[in-house]
Amino acid sequence: MWHEVAKLDDIAPGGMKYVRAGEDDREICLCEYEGDIFAVSRRCGHENAPLDQGALEGWILTCPLHDGQFDIRTGANLAWPIDHDMGDPAAIPEPVKRWFKLEQRLQWKTRVHDLHTYEVRVADGTIEVEI
Amino acid sequence: MGTAERKESLRYLYDKVVDPLGFKFTPDAALAEELLEQEVKLEQDLGAPYCPCQMRSRVRGEDMRIVCPCIPFHRAHFDKMKRCWCGLFVHKDVTDPDSLPQFPPDEE
């Protein structure tokens, strides 16, 4: 079923927009790339971070949390998450250091899934996605 | 993560970085493919697409200086050689990358 989710004017060239649609209120990230609109799951395939808060460079969407990358055209995962630079280890309190060590270990054990993609059509300046 | 897809995305992202710096991908297409493949493997194993021809020091601040494309960190050296260390990038006017001289940084 097709759902109207936004107006074409709502998205700047090279930009993104977060919308919700469907009976189960799905979170969808609309992306503009060279005049076309692509729709992918708004949640990162790694740890569910909101991808509309990330960066879109052409057709490559980078997650704001761990910098995993995805192809908005296919939803394919392009790059795994990367570790944050925590700076000088001596300046980090021991409990915080232990937490980040755990977080890092779990992060590398978390499988990164491809993003779900949705069919998109544009008619009379209105964007619709199929769910 | 598919190697072919990652190579394509690295090409796309690198081009946006190196073009304003006056560089382009080497005209040696086979070499470019081989180097990109090695970078994808390094990224999968170590977390970042390090330069395939450089040793990591395991000091993060230093290692970040050899993550491809590392041109901004070694600009003077690369400009003099008209290529980067591994040869993935050359100056825009280069048509025969094999003719370019190489020398270590201390001979800049």
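Two residues are in contact if their C-beta atoms, placed from the backbone, lie within 7 Å.

## Basis of the model

This is a predicted model, in which local features need pLDDT of at least 70 and side-chain atom pairs count only at pLDDT 80 or more, while totals for chains, interfaces and linings use all residues. Residues are numbered from 1 along each chain as its sequence is written, and chains are lettered from A in the order in which they are written.

## Nonpolar core

L30(A) touches V5(A), A6(A), I11(A), M16(A), K17(A), V19(A), I37(A), A39(A) and I127(A), leaving aside residues up to four places away in sequence. L30(A) is also among the residues with the most contacts inside the largest nonpolar core, which has 46 residues. Such a core is a set of buried Ala, Val, Leu, Ile, Met, Phe, Trp, Tyr and Cys residues joined through C-beta atoms within 7 Å; buried means that 20 or more other C-beta atoms lie within 10 Å of the residue's own.

## Chain B

Chain B contains four helices and two strands, arranged along the sequence as α-β-α-α-α-β. Helices (H or I, at least four residues) and strands (E, at least two) are DSSP runs. Of its 108 residues, 24% count as buried.

The C-alpha atoms of chain B fill a box of roughly 35 × 30 × 25 Å along the principal axes. Among contacts in chain B with a separation of 6 or more, 51% join residues 24 or more positions apart.

## Interface

In the interface, 13 residues of chain A are in contact with 11 residues of chain B. On the chain A side, β7 (69–71) and β8 (77–79) each supply at least two residues, and β8(A) gives the most, with three residues.

Conventions
A residue is buried if 20 or more other C-beta atoms lie within 10 Å of its own, exposed if 12 or fewer, and partly exposed in between; C-beta atoms are placed from the backbone.
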